[in-house]
Amino acid sequence: MEIVDVPEPHEPGPGEVLVGSMAVGICGSDYHFFSGHLTEEAGGGQFPRIQGHEVAGTVVAAGPGSELEPGRAVALYPLSSCGECYPCRAGRPNTCDNFQLIGIHVDGGLQEQLLMPADHVFPIEEDDLGVAAMAEPISIGVRAVTRGRIGADDRVVVLGGGPIGQSVCLLARERGAEVLVVDPQEKRLGLSREMGADAMRWTTPDEVVQHAREWAGGEGVPVAVDATGVPQAVRAAVDMAASAGRVVQVGMSGEEVQLRVGSFTEKELDMLGVCCCGGGEFAEAVAAVERNANTVRRLISHEFELERAPEAIDFAMSNPSEVMKVVIRGA
Ligand SMILES: [Zn+2]
Ligand SMILES: [Zn+2]
């Protein structure tokens, strides 16, 4: 990764907004992309690329037809869809076959200014742009609780206490659900407890499954969410789920996992995948960040200036247990 000069973006035309002073969160998918593990077949983009899909900034200028005033803090919905393919026609453009994510398929937020379609630019009542940038990871939590149909009567186990697991925890707690977060790191569990969740150290799959089922009242877990992508955890989520329960897969991975076929027939499980989120859910995420700024701020463990972006990625990738969320800030 290197810092280079690129041409200035053009003046925003109709339906466009020029955003500057970006704050950008770095996440696991950035590591996968940077190390070349997101191939074209897996839906990844090509190099060279300006990374950054968890982006907030301020409006520099808005094209004709936009009401956004210069200086307004905004969070950016990173996904564009084609509107033509089956998932788009089925009303799920977040899984579009031709989707384009900023920072992966087209240039993203790790630059001084970025031109965006106006309907991807969401005003946010939050002065700290680093916190505002968390609207994107929070939007994954919104999508997860929507897909899992999580409500006030649910007992939800979240495997993985990283930023996405914490985001699911936050949104599920807001919906009134009881939540148990499982992670190997005590430090991460503390944050979940502050949101009113129960917490458990990841030990062995058998122990975790048994404890989770007991925690849920002995009948199994109504909703199990995997936010790790680790085969052992995915398997544990399926094993701990109650009959008629839901398993929500949020953690990304290219790994394969062995599952007992009978789990799905005998328990009639709903296995639900989560991919980014829709525009309406992004708006919900912006509102969730506004309501929970103090909690969301705690997700940010490290900050770097834009000039030190290469160092920031390197640091995040080589210190996975120390890093919760790295945010890179523009000037
Ligand atoms: Zn991300
Ligand atoms: Zn499409």
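Visitor: Which handedness has the crossing of helix 4 and helix 10?

Guide: A crossing is left-handed if the near helix is turned anticlockwise from the far one by less than a right angle, and right-handed if clockwise. The crossing of helix 4 and helix 10 is right-handed. Helices here are DSSP runs of H or I of at least four residues, strands are runs of E of at least two, and both are numbered from the N terminus. This is a predicted model, in which local features need pLDDT of at least 70 and side-chain atom pairs count only at pLDDT 80 or more, while totals for chains, interfaces and linings use all residues. Residues are numbered from 1 along each chain as its sequence is written, and chains are lettered from A and ligands numbered from 1 in the order in which they are written.

Visitor: At roughly what angle do the axes of helix 4 and helix 10 cross?

Guide: Two packed helices are described by the angle between their axes and the distance between the axes. Axes are lines fitted to C-alpha atoms, for helices over the stretch in contact, and angles run from 0 to 180 degrees between N-to-C directions. For helix 4 and helix 10 the axes come within 8 Å and cross at roughly 115 degrees.

Visitor: Which residues of helix 4 and helix 10 meet?

Guide: Contact requires C-beta atoms, placed from the backbone, within 7 Å of each other. From helix 4, Ala135, Ile138, Ser139, Val142, Arg143 and Thr146 meet Glu281, Phe282, Glu284, Ala285, Val286, Ala288 and Val289 of helix 10. By class, this contact of helix 4 with helix 10 has eight nonpolar, two polar and three charged residues. Here Ala, Val, Leu, Ile, Met, Phe, Trp, Tyr, Cys and Pro count as nonpolar, Asp, Glu, Lys and Arg as charged, and the others, Gly among them, as polar.

Visitor: How are helix 4 and helix 5 oriented to each other?

Guide: Angles under 35 degrees count as roughly parallel, over 145 as roughly antiparallel, 65 to 115 as roughly perpendicular and the rest as oblique. The axes of helix 4 (residues 135-147) and helix 5 (residues 163-174) come within 8 Å and cross at roughly 55 degrees; the two helices are therefore oblique to each other. Their crossing is right-handed. In the contact, residues of helix 4 including Ile140, Gly141 and Ala144 meet residues of helix 5, among them Ser167, Val168 and Leu171. The residues of this contact of helix 4 with helix 5 divide into twelve nonpolar, two polar and no charged.

Visitor: What is the strand order of the open sheet?

Guide: Two strands pair if DSSP finds at least two bridges between them. The open sheet has six strands in the order 10-9-8-11-12-13, with parallel pairing. Strand 10 (198-201) and strand 13 (270-273) stand at the edges with a single partner strand each, so one side of each has no neighbour in the sheet. Neighbouring strands of this sheet are turned by 20 degrees against each other on average, direction ignored. Strand 8 (residues 155-159) pairs with strand 9 (residues 178-183) in the parallel sense over five bridges. Arg155 stands opposite Glu178 in strand 9, and Val158 stands opposite Val181.

Visitor: Are the residues of strand 8 buried or exposed?

Guide: A residue is buried if 20 or more other C-beta atoms, placed from the backbone, lie within 10 Å of its own, exposed if 12 or fewer, and partly exposed in between. In strand 8, five of its five residues are buried. Arg155, Val157 and Leu159 lie on one side, and Val156 and Val158 on the other.

Visitor: How many residues of helix 8 are buried?

Guide: Seven of the ten residues of helix 8 (residues 231-240) are buried, so this helix is largely enclosed by the rest of the structure. Its cover includes strand 8, helix 7 (205-215), strand 11 (221-226), strand 12 (241-249) and helix 9 (262-266). The axes of helix 7 and helix 8 come within 9 Å and cross at roughly 35 degrees, in a right-handed crossing.

Visitor: Which phi value has Cys276?

Guide: Phi of Cys276 is near 50 degrees, a positive value in a residue other than glycine. Cys276 is buried, with 22 other C-beta atoms within 10 Å.

Methods
Contact = placed C-beta atoms within 7 Å.
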